[in-house]
Structure formats: structure tokens, C-alpha cells
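This report describes selected features of the structure shown below.

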Amino acid sequence: MPLSASEMQPILEVRNVAKIYGSAPSGVEALRSIDLAVRPREFLSIVGPSGCGKSTLLKCIAGLETITSGTIKVRGEEISGPPTQMGIVFQRDLLLDWRTVIENVLIISEFRGTRTSELEAKAAELLVRFGLGDFQRRYPWELSGGMRQRAAICRAILDNPELLLMDEPFGALDAMTRDDLNLELARLWQETRKTVVFITHGIQEAVFLSDRVAMMARNPGRIVDIFEIDLPRPRTLEMRDSAEFSAIVHRIRDRFADIGAIRTE
Amino acid sequence: MPKLASSGLVQGAGFLVACVLLWEAIVRLAGVREFLFPAPSTIVMEILNYPGFFARNALYTLLVTLVGFAIALSLGVALAIGIVYSRLLENTLYSLLVALNSIPKVALAPLFVIWLGTEMAPKIAIAVTIAIFAIVVDTVLGLRSVDPETLNMARAARANEWQILRKIRFPSALPSLFAGMKVAISFALVGALVGEFVAGSQGLGHAILLAQGMFDTPRVFASIVILGLMGTILFYLVDALERYMLPWHASHRGVRTAM
């Protein structure tokens, strides 16, 4: 089936973006000539060592940081501030202590003025889908870390954004919970086909979830390579033991070793 | 936890009762004269013999305290919001407030009498002056200590400043505000009493002054006991309100957890 024009057009276009903190010559170059085009319905991960500017890049795309030069376009329009059709999940769940779980999920709609009783029903459904049905009226402190991050994902996707940005969302979770949420996210993507930009420092996680993996290096923060991940969908946890999976992970790891970002021995 | 709290309460009450009994015993056994140091039983009798007198004066003091507290609370929160959002107000008003706070406010009491007369107004003014600082300082602290990432979460959804204030800054400042309120309610009572000491013809402060002039020590003690009870009850009312309004706050969490 040939792709239509709107499917061909990237939903997110980052062109020659630079970000310098402070002013030259003493300024810190956080990002240098970043070029990235994210296709609609694509799951793209950005992997890199800490300090490579991957979170900064995401904040720039989210309109939360200004860029020093270059352009960022969402649906062909240069952004000024946070794009409206965007949902974002942060490293920490950032749930508000004084709101119950469902009220936390609904807060974005309150900011946008879109809260209705239908949306409330939708939020309840979403929480059930994410295994939080019994916890809707509980407060965040009554939930485990994994449950809290699930609630944060519900908050980000309730308004059905076209573009979902995720900034190391599972970085603070234990390995088992992380696997669990990876699987959940893969399933969510399979069902909704949202465009996702996912930041992580885990190569395995990135390969498992993504259609493409962009690899970043630091000093200055830049994209050094982009890998196509042609593993079959839907993805399963067993796939991570397959030879194809390991081969891709190794390729990316070797590339990081080439540029001196990681040591191999 | 509730079991622990109630056993704490029992210990506290038991200790108080023991102190009162010891006091009674010492006064009686040593034959201390009443105008120097009356026994607890004498003080209780004093209150029971003149219930109308004490009720009238206590109500007056209570009214001054509550009105002063209410004004300090609303004005203090408004000022704090202004200070947090305006660099100009922070540089001017906040610095002025800090400077004014270092003046012993009791010294201002005669001024308020000159300006506002001898009725309730100057007493309320003193109560407000003494109580407001705690409210402003704690609310400013609370409004400022919002996690920057939480603000990013709101900004990513294009929330405006008003929404951020209402839905994020203010609720997250509530624990701080309540800490300020607990200090302020006691300070408002002090302010009311100081006002009554300086001028006027009503209130427990006035009752104490009159009784002192006549060496009516049991009446002075009775007034002090009522003031103590009033202060304690007011404090715990604010505490109860806090528990009711902030069930989510760490300091009130019970044993109920998910896992």
C-alpha cells in the first residue's frame, strides 16, 4: 500500500538544532547540529550515555527549552512553546500528592479546558487498562513506583496526543518492573500507533521498543548514527533472547565503543 | 499508629494530672498563702464561682484572636502570592516586612491605641501584626518550593500561571501554610492579650490587670488557665483542620499502603 502524502511528511522535524548554555566562548555546547525526522506512527528511541544531551533535546522538542539555532517543526509548523498535540512522560512520575490517581490523570485536561464527564469515563477506562482500576481513588503515596509511572503514562496519553515524548520514563524502576512496563508500552504502541520519541540509556530497552534507534554522543551532544530495527512486531520478551536481537544490540554497543562512549573490557 | 498516638495521649494527660496533684499537695502541706500561689482547687473554685465573668471576658479575647487570625491569614496569603510573583514586591514589601518583624511588636501596641482608640480595633490590629509574619514567610516558602519538573509537566500542557498557582503552587504550599497557621494562631492570642493589657475594659488581659491591682491572685491564675486552655484548643483546631484538608500529607499518612 503506497503511503499518502501526510504519512510521508514527518510529524516531527528537527533541523540543524544547536543548544548552547551561556554565551561564547565560555558557553557549554549541549547540542550540535541535530538533524532528526520522525515519521508518523514511528517509535524512535534516542540512546546515549549520561550527559550527551538527550534529555535536553527532548525538552527542546517539548518546547520547554529554547534552542540556540535551527528549527523544530511539528506537523510542518515551527513550534513556539509546547506543541498542543503532545503528551510527555518524565523521568519521575510527577504525580501531585494531593490528588487521587484519577484526578492526577485528568489534570492535563484541566489545564487545556477539555475535562468533560466523557473524558473522566475515558480516564477510568484507561486506568483499568493499565491495571490501576482499583487504585483510581487512591493517593499516589499508596502506589508502588511502577504503578505511579503507569499513572503518569495514562496522564500523558489521555488527551490522545499524536506525539508522545518519553524522557527515560523507566530509569528509576527496578529491572522486573521495567520489563513489565516495556511490554506494556510495546502493547500500547501496537494498539494506538502513536508517534513516540523515547529517551533511554538502555540499549536493550531501545532495541526492544523501537522502529529506529538514534545514537547520541557527548561533548558536544550530537547524533552519531541511526539504526533501523527490523525485528518483527508485536515484540515479546522472549525476542530479547533471539540471535537477531543480540546482533542489533551488539552492533549498537560496538558503535558506542568505537566512539569511546563505553568500554568493552 | 493510632494505638501509639493514644498511648502518647494517656502519658501526656497522666503527667499533667500528676503535676496538678503535686502542686495541690505542696501548697496545702506548706501552707502557702493564697495571694502568693493559690492551689489548683482554689483556681477551679474561682472559675466556678464567677462563670459569667470569665465566659464574657474569654469570649471577648477569643473574638479578638479569631478575627485577628482571620485577617492575618487572608492578608498574609495575598501578600505571599504577590511577593512570589513580583520581583518588585519581593524587593520592597518583603524586605520591609522582615525589617518590621525585628521590632518587638509589643512596642507598637500604644501606637495602635492612639490611632484606633480603646475598643476592639487596636487589639485586632496588634494580633494581626504579630501573627501575619509567620503566615507570609511560610506561605512564600511553600509557594516557592515547587519541584521545577512538576512545573514543566504543567507547562508542557500549556498551563497558564493562574492555573499553575491554583492547581499546583497553592496546594503544594498548604503544608507550609498550615505550619505558619499553627504559629500564627498562638501569636494572635498573644496579640489580643497585649492589646487588652495596654488599654480597654474587656477581655482576659484586662481581667488579669484588674485582679493584679487587687492582689486577687486566684483570679489571675484562673484567667491564665483559661488562656492556656484556649491556646491549646485553638492550636489543635488548626491541627485538626490540617488533617482534614491534607490527608495526603506525609505527616498524616496512616498504615494504609499498597504494598
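## Sheet of chain A

Chain A holds an open sheet of four strands in the order 2-1-4-5, with antiparallel pairing; two strands pair if DSSP finds at least two bridges between them. Strand 2 (28–38) and strand 5 (77–78) of chain A are the edge strands, each pairing on one side only. The model is predicted: local features need pLDDT of at least 70 and side-chain atom pairs count only at pLDDT 80 or more, while totals for chains, interfaces and linings use all residues. Residues are numbered from 1 along each chain as its sequence is written, and chains are lettered from A and ligands numbered from 1 in the order in which they are written.

Strand 1 (residues 12–21) and strand 4 (residues 69–74) of chain A run antiparallel and are joined by five bridges. Val14(A) has Ile72(A), in strand 4 of chain A, as its bridge partner. Across strand 1, strand 2 and strand 4 of chain A lies helix 2 (residues 54–61) of chain A, running at about 120° to strand 1 of chain A. Axes are lines fitted to C-alpha atoms, for helices over the stretch in contact, and angles run from 0 to 180 degrees between N-to-C directions.

## Chain A as a whole

Eight helices and ten strands form the secondary structure of chain A; helices (H or I, at least four residues) and strands (E, at least two) are DSSP runs, numbered from the N terminus. The radius of gyration of chain A, 19 Å, is close to the 18 Å that the globule rule gives for 265 residues, so chain A is as compact as a globular protein of that length. This radius is taken over C-alpha atoms, and the rule is 2.2 Å times the number of residues to the power 0.38.

Of the 265 residues in chain A, 42% are buried, meaning that 20 or more other C-beta atoms, placed from the backbone, lie within 10 Å of the residue's own.

## Helix packing in chain B

Helix 3 (residues 51–85) and helix 6 (residues 120–144) of chain B pack at an angle of about 40°, their axes 6 Å apart. The residues of this contact comprise 23 nonpolar, four polar and two charged. Ala, Val, Leu, Ile, Met, Phe, Trp, Tyr, Cys and Pro count as nonpolar, Asp, Glu, Lys and Arg as charged, and the others, Gly among them, as polar.

## Contact between the chains

The contact takes 24 residues from chain A and 20 residues from chain B, where C-beta atoms placed from the backbone lie within 7 Å. Helix 7 of chain B gives the largest share of the side of chain B that touches chain A, seven residues.

Note on methods. Contact = placed C-beta atoms within 7 Å. Buried ≥ 20, exposed ≤ 12 C-beta atoms within 10 Å, placed from the backbone.
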